[in-house]
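Student: I have a model open and would like to learn how to read its features. Could we go through them one at a time?

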Amino acid sequence: MKPKDKKTKFRYVWNFPGFGGWTAIFFGFLYIPIFVLVCYSFNSSKFAMIWTGFSFRWYTKLFSNDDIQSATINSLIIAFSAAPLATIIATFSALAIVRGGEFRSRELSNGLITLPLMVPEIVTAVATLIFFASLGINFGLMNVIIAHTVFCIPFAYMPIKAALEAMDPNLELAARDLYSDKPSTFRTITLPLLTPGIISGFMLAFVISIDDFIITLMVAGGGSTTLPVYIYSMVKMGVSPEVNAVSSLMLVFSIFIVTLYWIFNRKINN
Amino acid sequence: MNIQGENKTQNRILSLLPLWIVIGIFMIGPLLVMATVSLMESNVYGGVHFKFSLSGYQQILFDTNLFDEIEFNPAYIIIIARSFVLALAATFLSLLIGFPAAYYISRQSNRVKNILIFLVTIPFWTNLLIRTFAWIIILGKGGVIESSFNFLGLLDKESSLNLMYTNTAILIGLVYSYLPLMVLPIYASLEKMDVRLLEAATDLYSSRIELIRKIIFPLSMPGIIGGSILVFVPCLGAFIAPDLLGGGKKLLLGSLIQFQFSYARNWPFGAAMAMFLLALVILILIFNAKLNRRHRKYEAQR
Amino acid sequence: MEINKVNAINVKNVTKIYKTSNAETRALKNANLTIFDNEFFTLLGPSGCGKTTLLRLIAGFEDITEGSINLFDEEIVNLPPNKRSVNTVFQQYALFPHLDVFENVAFGLRRLNKDKNFVKKRTLEVLELVQMQDYGKRKPNQLSGGQQQRVALARALAPSPKVLLLDEPLSALDLKLRQAMRYELKTLQRETGITFVFVTHDQEEALTMSDRIAVINEGEIQQIGEPEEIYESPNNKFVANFIGEANLLTGICEKNGENGLCKLDAGQEVPMFIPNHIHKGETVTIFIRPERIKIKKSDKEKSYCTISQFTYLGNAASILLNSNTKSINVNLPIEDVKNFKKGDFVEVVFPSNSAQIID
């Protein structure tokens, strides 16, 4: 501490003036739009843009909107199918890639997993559309589930791979050393230790599937509209307070799951 | 580690088979089919005519006029150029906004750091469509900005600032969409930096500006390059921001491709554009891989 | 301690080659050694010398390239780790983080399908042996390093293995705890009578705990012997340098035999035993520990060495002598040092049996 009469305040060399304020602006930029959206969803006015008073009316209205309800059900069916599928595939891939030692198709498999992240989403979307259309594959929701499974794989894979890499391989050896055969080592050691990673992977895949818009927009047929696609069509018709309400619910839901994931991960790491 | 008498190969193949099948059929398959479609003739009813043709690619540069003559058509080149300029601008702005924030976050205590980084990642996991749509409420006619201007008396009730459906609106949307992707890699490289380097540099008579220029910036270069690519690539193929905030009037590559399949029904042309975008992205990724390898070599030599 | 000479482990012509896509590493080259029952046997060597590889081959964590390993005269190289009655204490303990202390220790017994009551009785017994009986419900991450170490020991001891393998188990502990654990480990080995195979790179650990030591370097066994033997008469330069401090001086044989004479490079002639196969005029390397050398004052004209540096060590002092070719390290008890000061002209004296010729 410097004595009070000195004019210049002590400052650590790594502490740059103004960066803190800048960071506050940065977070403001990230969160103010979300905040505004949620606020406006409580607007009693019929016109989305003009604030007249506080009301829950648009939320109650959601529950009587059949289209929104069927879109929500579609979204949930797709996410609850695609996320587990992606998680299972990702788990087996991670086991082979991380624990399989050095093998020839390792690089290739790594590349395959990250491919959906590399290819621009719009390209994946139209490519899948062409693929299904030209092969005449039309199983309604199933089409969307397949497309979602593909691009959810890398997201499910990341935490599972991280959990496997963080797991000391000596644990499995120690179990083998203590008279445990291969299946029982997997059952008693690998799987329990991997479960948090698998749950994390599932949660991320689930959020990604629920939130996906572009691929679903291109792939989904008439009967398989999901919530984001429905929101899009409402926005295209004009901003309505109902859109604000359903969007806010989706935002809160995603933030809730991701926060859950974060708290869950912190618990494991401690 | 290889336990005596245990064969891993069989397990490995069985474990990877689902991956190979799913990605092989439903990711690589569609890309191959798309490549094929891009080399066919369009069919007026949508779909394709099974006949080899380069017309999809030709259309990017040329148009056939009423007299069946081929003439140069700059319309799509303009769209491509606009995509490039906007993506570059968005990348640069993200860097400008994100860098100080990434640095500030990296210098906090572990607890604060974790919470702030979590706050940076949250938007990434929320719906992009909804987050972009929120900007309509802010920028739109009678929206948050215009009504605050009204309130302050800077704008009379009848007129509008016309913020929506402009390149600026798209740019704001793009920056907003992908800003977290810029911050995370920069943060990752800054977090590894030893503060004592800054103390040493100051000790050796560096000013704060020189600290940024000579120490912090060079050391966070891998993060800056990584972040720039993570922002630039999706901006190039962005669909939501130009569609919602550009009102579909200012087409970008992404919205142009989508348009070909939703409305224009010119599949070969749309596929050709998608192939063009894919090729661009692959080039960028190869360039990045080369850079990374050079950097790793440099690290290894040290 | 009495060792009945029953072969616990017999390592015959064992070679281990690690193959990666572009290189081959010979981690172990034709190693042969026998470990007796009830013995505290140490594999000592610098990191990367192959000692851990040998331990992992015995445990069954690596596949063997060539050779055979017998456990009480039973060939075990083709058995997976879970079929070998040897247990390992891992370097970082490898305690199962999701199981509590009791379940960690009971793990092996449960896999062996032991009777429930027996599992409980045996687990408590072993926990008591390592004084961890009060910690059964704790998770490994709620234990200190020393406590984790005890649990790892208990876990490996619980199934009553024929041989216990310990892979640098003390290296993760701090100095004080390490020294205390040395004594405890040794006591435990004596009480249980189980054969311990202990891997370490710490020569002090090896010397204080072991019945016998095998010194390994670059995949080859350099010397096998009791601690004293290894310290006092190393087989070669590597062993001499690796264990303790050593002076390796060059000289020329003047006369061989019991009353031999050797002329040091420094010029001085010293009497010492020189084996008969070395003939007059041959250049030899002489090995002598710094604490075995004595010095005496000499005249300037006759002198071969000067004292160039004093280092105070508390109970002793280390003195560096400069001769015309090599410096010589001498450790003297503190009371003997008083007679000398820096710059003194001295000659060295090798008491009988203190110096020897080395390869």
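Student: How far apart do the C-alpha centres of domain 1 of chain A and domain 2 of chain A lie?

Tutor: This is a predicted model, in which local features need pLDDT of at least 70 and side-chain atom pairs count only at pLDDT 80 or more, while totals for chains, interfaces and linings use all residues. Residues are numbered from 1 along each chain as its sequence is written, chains are lettered from A and ligands numbered from 1 in the order in which they are written, and side-chain values use heavy atoms, with hydrogens and water left out. Domain bounds come from an automatic or database domain assignment. For chain A that assignment gives domain 1 (3-58) and domain 2 (60-269). Their C-alpha centres lie 32 Å apart.

Student: How many residues of domain 1 of chain A are in contact with domain 2 of chain A?

Tutor: Contact means heavy atoms within 4.5 Å. Eleven residues of domain 1 of chain A are in contact with twelve residues of domain 2 of chain A.

Student: What area do domain 1 of chain A and domain 2 of chain A bury between them?

Tutor: Buried area is the accessible area (1.4 Å probe) that two parts lose on being put together, summed over both. Here the two domains bury about 1000 Å², with 70% of it on carbon and sulfur atoms. Helices (H or I, at least four residues) and strands (E, at least two) are DSSP runs, numbered from the N terminus. On the domain 1 side, α1 (19-40) and α2 (57-62) of chain A each give two or more residues. The most come from α1(A), with four residues.

Student: How many salt bridges and polar contacts are found across the interface of domain 1 of chain A and domain 2 of chain A?

Tutor: A salt bridge is a side-chain nitrogen of Lys or Arg within 4 Å of a carboxyl oxygen of Asp or Glu. Six residue pairs are in polar contact here (both at pLDDT 80 or more).

Student: What area is buried between chain A and chain C?

Tutor: The area is about 1900 Å², and carbon and sulfur atoms give 64% of it. In chain A, Asp177(A), Leu178(A) and Tyr179(A) lose the most area to chain C, together 41% of what that side buries. The contact takes 19 residues from chain A and 26 residues from chain C. Between the two chains there are zero salt bridges and five residue pairs in polar contact (both at pLDDT 80 or more).

Student: Which element gives the most to the side of chain A that touches chain C?

Tutor: That is α7(A), with seven residues.

Student: Where is Asn113(C) found, and is Asn113(C) buried or exposed?

Tutor: Buried means under 20% relative accessible area, exposed over 50%, partly exposed in between (1.4 Å probe, protein chains only). Asn113(C) is found in the loop between α2 (101-111) and α3 (116-129) of chain C. Its relative accessible area is 69%, so Asn113(C) is exposed. Phi of Asn113(C) is near 55°, a positive value in a residue other than glycine.

Student: What is phi of Ser160(C) near?

Tutor: Phi of Ser160(C) is near 50°, also positive in a residue other than glycine. Ser160(C) is in the loop between α4 (145-157) and β7 (163-167) of chain C. Ser160(C) counts as partly exposed because its relative accessibility is 44%.

Definitions and conventions: Polar contact = N/O pair within 3.5 Å; in protein donor to acceptor, adjacent residues only side chain to side chain.
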